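The exercises below are meant to be worked through with the sequence and the 3D structure at hand. Try each task before reading the solution that follows.

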Amino acid sequence: MILVLDNFLSDTECQFWRDYCVYANNNETMEVGLKSDKPMHRVDRNYYTVRSPFSFMDKVIKVAEEKWQEKFYFQRQSYGHIMHYKIPGQGLQWHAEPNIAKVSVSINLSPDHEYEGAEFEIKDHNIKLPLGSAIFYESNLQHRVTPLISGHKKSFVMWLPNKTIGKKRLR
């Protein structure tokens, strides 16, 4: 299941999160386990973890619960992450996140004129995410971010576990 919502965040909210990166500390986790052909992948982008709730996150949970008809919550100790692609070639190969979430959410924070490349893609789906648009998708779907060609691209990513996935994580 995939749901795209245009104008999920306003231009002002997107600007807030782009500016947030100036003050945030880069997450020093340099590897992340992804379901793909390799067990670990080097993170080749800046990665900022947001550890406090913000009002728009209530809307994220509400949309996911209405669409999937089940209860979701945020991961322990993180509400989301800002991905910042700023060096040509940075991107993310095909992968999925079924072990950490049932639903994944990505919100484009950057206007088209600030970057080229670094496009979010889901295998076998044609998706365009303009500034402020959010995509909600099953975490087991293969997706990627194409290599950045120029400029800076930022997106806000959230992983929403359900009760079953949450129990696996707590062991």
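**Exercise 1.** Which strands and which helix do the buried residues of H2 pack against?

*Solution.* Before starting, note that this is a predicted model, in which local features need pLDDT of at least 70, side-chain atom pairs count only at pLDDT 80 or more, and totals for chains, interfaces and linings use all residues. Residues are numbered from 1 along each chain as its sequence is written, and side-chain values use heavy atoms, with hydrogens and water left out.

Step 1: locate helix H2, which covers residues 56-68; helices (H or I, at least four residues) and strands (E, at least two) are DSSP runs, numbered from the N terminus. Its 13 residues reach 19 Å from the first C-alpha to the last, close to the 18 Å expected at 1.5 Å a residue, where the expected span is 1.5 Å times one less than the number of residues.

Step 2: pick out the buried residues of H2, which are Phe56, Met57, Val60, Ile61, Val63, Ala64, Glu65 and Trp68. Buried means under 20% relative accessible area, exposed over 50%, and partly exposed in between (1.4 Å probe, protein chains only).

Step 3: list the partners, namely helix H1 (11-23) together with strands E1 (2-5), E4 (46-50), E7 (103-108), E10 (134-138) and E13 (153-160). Just after H2, Gln69 takes a positive phi of about 55°.

**Exercise 2.** Explain why strand E5 is described as largely enclosed by the rest of the structure.

*Solution.* Step 1: six of the six residues of E5 (residues 80-85) are buried, so the strand is largely enclosed.

Step 2: consider the two faces, remembering that in a regular strand the side chains alternate between the two faces of the sheet. Gly80, Ile82 and His84 are buried on one side of E5, and His81, Met83 and Tyr85 are buried on the other.

Step 3: turn to the pairing, for which DSSP must find at least two bridges between two strands. Five bridges join E5 to E4 in antiparallel fashion, with Tyr48 opposite Ile82. Five bridges also join E5 to E13, again antiparallel, and here His81 stands opposite Val157.

**Exercise 3.** Which residues does Ser155 touch?

*Solution.* Step 1: find Ser155 in strand E13, where its 8% relative accessibility means that it counts as buried.

Step 2: leaving out residues up to four places away in sequence, Ser155 touches His81, Ile82, Met83, Ser106, Ile107 and Leu109, contact being heavy atoms within 4.5 Å.
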